[in-house]
Amino acid sequence: LVLAGAYNNRGNVRLAQNQTSVALQDYTRAIQLNAAYADAHFNRGVTLQASKPAEAIASFQQAAQLYQTQGYPDLSKDAASRAAALKQRQSQPGLP
């Protein structure tokens, strides 16, 4: 579980450096090591929202479910609202 956190943290650093592809690899590896790691699912969604919105929606939905199960209702609501916003954006193709 500690190693999953290390991958997630490294992904955050790489994302801040605009290295999205390697950040995505780190978040994915964190999830492989700990499938219940809600933060990694959330961060994966953030990384994918511009390039692969359908995958981002799935990541945000998974994060929302995990946060809710783990007792973090505010984080769950944030992840769910991000998924909903992306869904709405997909249904209105002219929006950025």
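In this predicted model, the axes of helix 1 (residues 2–16) and helix 2 (residues 20–33) come within 8 Å of each other and cross at roughly 165°. Because angles over 145 degrees count as roughly antiparallel, helix 1 is roughly antiparallel to helix 2. The crossing of these two helices is left-handed.

The contact between the two helices involves residues from both sides. Helix 1 contributes Leu 3, Ala 4, Tyr 7, Asn 8, Arg 10, Gly 11, Asn 12, Arg 14 and Leu 15. These meet Thr 20, Val 22, Ala 23, Asp 26, Tyr 27, Arg 29, Ala 30 and Leu 33 of helix 2.

A separate feature concerns aromatic rings. The count of aromatic pairs comes to one. The pair is formed by Phe 42 and Phe 60, with 5.3 Å from centre to centre and 65° between the planes, an edge-to-face arrangement. Phe 42 belongs to helix 3 (residues 38–48) and Phe 60 to helix 4 (residues 53–69), so the pair ties together parts that are 18 residues apart in sequence.

The two partners are set out below.

| Residue | Location | Relative accessibility |
|---|---|---|
| Phe 42 | helix 3 (residues 38–48) | 13% |
| Phe 60 | helix 4 (residues 53–69) | 0% |

Buried means under 20% relative accessible area. Phe 42, at 13%, therefore counts as buried. Phe 60 is likewise buried, because its relative accessible area is 0%.

Definitions and conventions:
Residues numbered from 1 in each chain as written. Predicted model: local features only at pLDDT ≥ 70, side-chain atom pairs only at ≥ 80, totals over all residues. Heavy atoms only, no water. Axes fitted to C-alpha atoms, helices over the stretch in contact; angles between N-to-C directions. Helix = DSSP H or I, 4+ residues; strand = E, 2+ residues; numbered from the N terminus. Parallel < 35°, antiparallel > 145°, perpendicular 65-115°, else oblique. Left-handed = near helix turned anticlockwise from the far one by under 90°. Contact = heavy atoms within 4.5 Å. Phe/Tyr/Trp six-rings, centres within 6.5 Å; stacked < 30°, edge-to-face > 60°. Buried < 20%, exposed > 50% of the residue type's maximum accessible area, 1.4 Å probe, protein only.
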